Amino acid sequence: MDLGLAGRAYLVTGASRGLGHATARALVRDGAHVVITGRDQASVTEAARALSELGPGRALGVAADQADPDAAAELLARTRAEFGRVDGVVISVGGPPAGSATTVTDDQWRAAFESVFLGAVRLARTALVEATDPIAVTLVLSSSVRSPLSGLAISNGLRPGLAMTAKTLADEHGPDGHRVNVVLPGRIETDRLRALDATADDPQEARRRSEATIPLRRYGRPDEFGAVTAFVTSPAASYMTGSVLTVDGGAVRSL
Ligand SMILES: NC(=O)c1ccc[n+]([C@@H]2O[C@H](COP(=O)([O-])OP(=O)(O)OC[C@H]3O[C@@H](n4cnc5c(N)ncnc54)[C@H](OP(=O)(O)O)[C@@H]3O)[C@@H](O)[C@H]2O)c1
């Protein structure tokens with residue numbers, strides 16, 4: 001299937017590793033060019049080099065913190081300068097800290113709001129307002145949009161609101177042909193998931209227990225997530241907007 005990505009350009013945040021990087025890989029393999037971000041210049045440069053080697057698309061790595069109010073406009077300008085166009089944005093970022101609703105501090109809520117919530121809204125809004133041709137915006141959130149995750153109070157608190165904000169942006173910008181969608185990872189094997197599992201007394205036993213609750217009986221691979229996110233962002237998904245897609249091996253108990 002031709003996703004129609006050849007020669008297009010996308011900004012993918014939080015993509016020096018993990019789900020953002022897997023999405024960038026899928027985009028580049030199908031011929032799209034990408035600007036990828038992470039907070040550390042050395043690792044984002046190395047990640048971009050690896051993507052460009054995959055080809056046929058090209059990649060540029062730019063260090064930026066999603067919590068920085070100036071990052072959105074600067075990254076979009078950089079994408080336009082490098083590739084002459086911006087066809088869409090995939091917004092991923094490091095997950096908020098673990099903790100219960102009783103113990104998470106005000107400072108932790110504020111910091112997570114700045115990067116996970118406001119950083120995503122600001123980038124989506126800026127890209128949509130600046131766009132002269134129809135673009136696609138895809139937010140990487142979490143299955144906590146549909147069902148709370150134990151010990152991840154901040155994710156449970158912020159992500160449902162972010163999904164509804166994405167739906168609102170889809171309403172507001174649909175008349176101009178722009179699309180805004182949300183993808184919800186379940187348990188996909190990245191550094192983030194390994195770090196969360198490592199907090200258990202017995203990480204291997206914690207993983208076995210998690211996998212037993214997943215209908216496909218295993219964690220997902222990043223490329224399995226990246227393929228879906230690249231499709232939703234691509235012109236092949238041209239009639240999809242305001243959608244919330246789960247990539248979770250069947251784990252979530254609601255539709
Ligand atoms: N993996 C899963 O199973 C899963 C499940 C549910 C939800 N999620 C959510 O999906 C998102 C991506 O998860 P992941 O597994 O890919 O995480 P990851 O493996 O930790 O990768 C996170 C990426 O984001 C970058 N990053 C972190 N903070 C950033 C910031 N403030 N500004 C810009 N870039 C930043 C990281 O690079 P630097 O650290 O160098 O900045 C890295 O490239 C997270 O929000 C996570 O909570 C993941």
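Okay, the shell around the ligand: by class, eight residues there are nonpolar, 15 polar and seven charged. For those classes, Ala, Val, Leu, Ile, Met, Phe, Trp, Tyr, Cys and Pro count as nonpolar, Asp, Glu, Lys and Arg as charged, and the others as polar, Gly among them. Keep in mind that this is a predicted model, where local features need pLDDT of at least 70 and side-chain atom pairs count only at pLDDT 80 or more, while totals for chains, interfaces and linings use all residues. Residue numbers start from 1 along each chain as its sequence is written.

So which of the 30 residues around the ligand come nearest? Those are Gly-14, Gly-18, Arg-39, Gly-94 and Gly-95; a residue is near a molecule if its C-beta atom, placed from the backbone, lies within 6 Å of it. Helix 1 (18-29), strand 2 (33-38) and helix 6 (191-198) are the elements that give two or more residues to that shell. Helices (H or I, at least four residues) and strands (E, at least two) are DSSP runs, numbered from the N terminus.

Let's stay with helix 1. From first C-alpha to last, its twelve residues reach 17 Å, close to the 16 Å expected at 1.5 Å a residue; that expected span is 1.5 Å times one less than the number of residues. Eleven of the twelve residues in helix 1 are buried, among them Gly-18, His-21 and Arg-25. Here buried takes 20 or more other C-beta atoms within 10 Å of the residue's own, exposed takes 12 or fewer, and partly exposed is in between, with C-beta atoms placed from the backbone. After helix 1 comes Gly-31, which has a positive phi, near 100°.

Why call strand 5 largely enclosed by the rest of the structure? Because five of its five residues are buried. Ala-136, Thr-138 and Val-140 are on one side, with Val-137 and Leu-139 on the other.

Strand 3 has four of its five residues buried and pairs with strand 2 over five bridges, in the parallel sense. Gly-38 stands opposite Ala-63 there.

On strand 7, look at Leu-245. Leu-245 counts as partly exposed, because it has 16 C-beta neighbours inside 10 Å. Leaving aside neighbours within four places in sequence, Leu-245 is in contact with Asn-181, Val-183, Leu-184, Val-228 and Val-232, where contact puts the C-beta atoms, placed from the backbone, within 7 Å.

Definitions and conventions: Pairing = 2+ DSSP bridges. Contact = placed C-beta atoms within 7 Å.
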